[in-house]
Amino acid sequence: GQPVAVVVTSRTVVADRARFPIGTIAVRLAPFAGDQIAHMLQVWNSTNGAELTRRGLEPLTTDLLLRYRELAEQPLLLMMLLIYDSDGNALRQAAESLSHGQLYERLLTRFAEREVAKHHAALTDEALEEAVAQELRHLEVAALAMFSRRRQSVRAEDLGSDLAVLMPEAFRSGHDTDLHGRSSPADQLLGRFFFVHEARAQRSD
C-alpha cells in the first residue's frame, strides 16, 4: 500500500540486455564535470579521512585526480581511483612514476583480483594469480579484436568469434546462467569489466 521507486543501474555497454516495462523512465548519466569530481572527492575524504590519517596516508586532492580526467569523469573509474589510492597512497605515487596506460593496467589488475576473490574465495595464492592472469588475457583478446579491425569498438558477435579461436576453453567450460538466460563468453566479458563506451543516436529530424 506504499509508493515504491525502483532504480536499476546498468553499464551502457550492456544495457540492451535489459527489458523495460512500458512507461519506464530511463536516464543516462553523463560524465562528471570538474565540480562533480571535486564534490565526490570531498565526500570521500570527509567519510574516510580519519581512517586514512590513522594509517598515515595523505588525502587525495582534486588537481591530482584531474591529471587523470578521462578516468575520473567516469563515476565507476573515479571510485576505482579512490580505492586504488587508499592502498598506500598508490595514486599519489603513480602520478610521479606511472604513465596513464600503466595506471589503467594496474586498475584493471586490482579489479580482476577483487572479482576473482569475490567468486573464488578459497583459491591458493598461485591459483589466484593464474585466475587473475586469465581474466586479463580475456581483456587482451578484446583489445586485439578492436586493433585487428582498426576500430575503437567491437561487437559481441565478433568478440565471440575471436574468443572461440584464441581461447576455445572459454566455450568448453560452458556458459554462466543469469536472469536473462545463458550468456556467451563475449557477453560475460563485456559485462564483467568496465569499458569506456560512447553511445550515439541519430534522429530523422
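View 1. Helix H7 (125–148) and helix H8 (156–166) each supply at least two residues of the patch; helices (H or I, at least four residues) and strands (E, at least two) are DSSP runs numbered from the N terminus. Look for Leu166 in helix H8. Leu166 counts as partly exposed because its relative accessibility is 47%, where buried means under 20% relative accessible area, exposed over 50%, and partly exposed in between (1.4 Å probe, protein chains only).

**View 2. A salt-bridge network that includes Asp158.** A salt bridge here is a side-chain nitrogen of Lys or Arg within 4 Å of a carboxyl oxygen of Asp or Glu. Asp158 pairs with Arg149, the closest N and O atoms being 4.0 Å apart, and also with Arg155 (3.4 Å, N to O). Salt bridges that share partners join Arg149, Arg151, Arg155, Asp158 and Asp162 into one network. At 16% relative accessibility Asp158 is buried, while Arg149 is partly exposed at 26% and Arg155 is partly exposed at 49%.

**View 3. The salt bridge between Glu130 and Arg137.** Here the two side chains meet at 2.7 Å, N to O. Glu130 is partly exposed, with a relative accessible area of 45%, and Arg137 is partly exposed at 30%. By the rule given above, the count comes to 7 salt bridges.

**View 4. Ser86 in the loop between helix H4 (75–85) and helix H5 (90–97).** Ser86 is buried, with a relative accessible area of 17%. Leaving out residues up to four places away in sequence, Ser86 touches Trp44, Leu52, Arg55 and Leu57; a contact means heavy atoms within 4.5 Å.

**View 5. Confidence in helix H1 and strand S1.** pLDDT is the predictor's confidence in each residue, from 0 to 100. The protein chain has a mean of 81, and 83% of its residues reach 70 or more. Confidence is highest in helix H1 (residues 34–54), at 94, and lowest in strand S1 (residues 177–178), at a mean of 48. Where pLDDT is low, the predicted coordinates should not be read in detail.

**Notes.** Residues are numbered from 1 along each chain as its sequence is written, and side-chain values use heavy atoms, leaving out hydrogens and water. In this predicted model, local features need pLDDT of at least 70 and side-chain atom pairs count only at pLDDT 80 or more, whereas totals for chains, interfaces and linings use all residues.
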